[in-house]
Amino acid sequence: MKSIAVCAVCYNRKDSLARLLSSLDAAFYPVPVTLIISIDKSDTTAVEEYADGYVWRHGEKRVVKHQENLGLRRHILSIGDWLEEFDAVVVLEDDIYVAPSFYYYAQQCVERFADDMGVAGISLYKYPYCADSRQPFMPMVTDSDVFLMKRAVSWGQVWMREQWLEFKKWYDVHSEPFGVLPHLPRGVCEWPESSWLKFHIRYCIEEDKSFVVPYTSLSTCFCDLGTHAVKKQTHTQTVLLQGEKRHWNLNPTVTYDGFFEAECLYGHFSEVLGVRNEELCIDLYGSKGNRMGRRYWLTREQLPFKVVRSYALEMKPWELNVLHEIEGREIFLYDTSVGAKRPHEPDNDKKADYYLYSTNLDVRSILREKVMKTLVDAKHAVFGLNEE
């Protein structure tokens with residue numbers, strides 16, 4: 001059986017650490033587990049004192065007190081050094097909260113994927129929304145408890161030894177700052193250089209590596225004020241699995257790319273329309289913007305190109321409208337080599353209603369305005385297009 005340590009990564013937030021440790025203490029462990037509390041140097045000793053006094057009931061406790069301030073990126077990456085001793089490590093920043101069954105999940109995933117070099121890591125967290133456009137993320141459901149995503153996750157993850165060493169080799173060559181690259185999400189490229197995650201996401205996209213992601217989250221994030229959070233928010237909270245779940249079906253057959261787009265659409269379009277994958281941009285979330293200059297562009301945007309095919313916005317998730325060829329006028333496959341008038345004025349009510357379920361008309365109208373403002377802002381940011 002693989003040895004898996006749990007590492008709590010903290011800096012100067014004692015209350016956050018206490019909350020994380022309370023969730024860890026309440027979890028189920030089939031074997032003794034080593035808890036590592038790694039503390040970056042700050043101007044307070046409150047975190048160190050709390051960690052020293054904390055009683056870990058499930059195995060050995062180790063407290064690491066760094067003598068210099070590493071900063072977030074260096075601190076997180078240093079956790080990988082523990083893989084010289086352990087087969088895998090669960091990495092949890094202090095504003096994370098875990099589900100009671102997280103360790104069963106981590107243990108079974110490590111056993112299943114430790115030798116799979118197409119997998120870069122294991123996520124405990126399942127995004128409730130597309131991180132680039134802030135629109136709801138609903139992955140296609142199968143009989144598996146997990147799916148794959150070519151995007152690293154930071155709000156609860158498991159690193160495995162061989163996969164981490166592969167990433168570190170890549171990182172040693174690509175650790176310099178980088179600007180906006182057309183094959184990466186624009187927002188990720190613009191994250192501050194203190195972010196380690198932007199490099200791990202770039203690695204997954206460029207090297208065709210995936211994270212294993214659960215359909216029901218085994219961790220959630222409180223987004224406490226800190227290095228990357230200047231305002232307390234709840235949008236990072238996601239549905240957390242409750243109770244004791246001991247067994248997972250780990251046979252992922254669905255993969256999403258680094259932009260949250262379903263990769264199965266590429267093969268589907270190649271078969272149905274004769275469009276080559278290298279000529280196609282899948283952009284249903286509207287965050288790619290076809291910056292790679294692909295001839296064919298599948299999007300919900302109203303654009304001045306020839307419409308090759310169009311689909312409805314009815315089935316959920318929206319890629320099912322394409323896979324099942326539900327005809328309509330909300331999703332468009334454009335041939336960008338041929339100019340044309342925009343298809344029609346967008347039906348904003350229909351777009352908003354696709355996400356909203358409230359029957360309270362006052363609440364619904366307020367939420368509709370917010371949804372549409374978000375969509376318009378995202379459109380301007382990604383495409384630089386006006387409302388013509």
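Close-up 1. R202 has a relative accessible area of 13% and is buried (under 20% relative accessible area, with exposed meaning over 50% and partly exposed in between; 1.4 Å probe, protein chains only). E206, at 29% relative accessibility, is partly exposed. Helices (H or I, at least four residues) and strands (E, at least two) are DSSP runs, numbered from the N terminus.

**Close-up 2. The network of R13, D94 and D95**. Salt bridges with shared partners join R13, D94 and D95 into one network. By the rule stated above, the count is 24 salt bridges.

**Close-up 3. The salt bridge between R73 and E193**. The two side chains meet at 3.8 Å, N to O. R73 belongs to helix α3 (residues 71–78) and E193 to the loop between α6 (186–189) and α7 (197–207), so the pair ties together parts 120 residues apart in sequence. R73 is buried at 15% relative accessible area, whereas E193 is partly exposed at 32%.

**Close-up 4. The salt bridge between D87 and R161**. The N to O distance is 3.3 Å. D87 lies in the loop between α3 and β4 (88–93) and R161 in helix α5 (residues 161–174), so this pair links parts 74 residues apart in sequence. R161 is partly exposed, at 26% relative accessibility.

**Notes.** Residues are numbered from 1 along each chain as its sequence is written, and side-chain values use heavy atoms, leaving out hydrogens and water. In this predicted model, local features need pLDDT of at least 70 and side-chain atom pairs count only at pLDDT 80 or more, while totals for chains, interfaces and linings use all residues.

Methods
A salt bridge is a side-chain nitrogen of Lys or Arg within 4 Å of a carboxyl oxygen of Asp or Glu.
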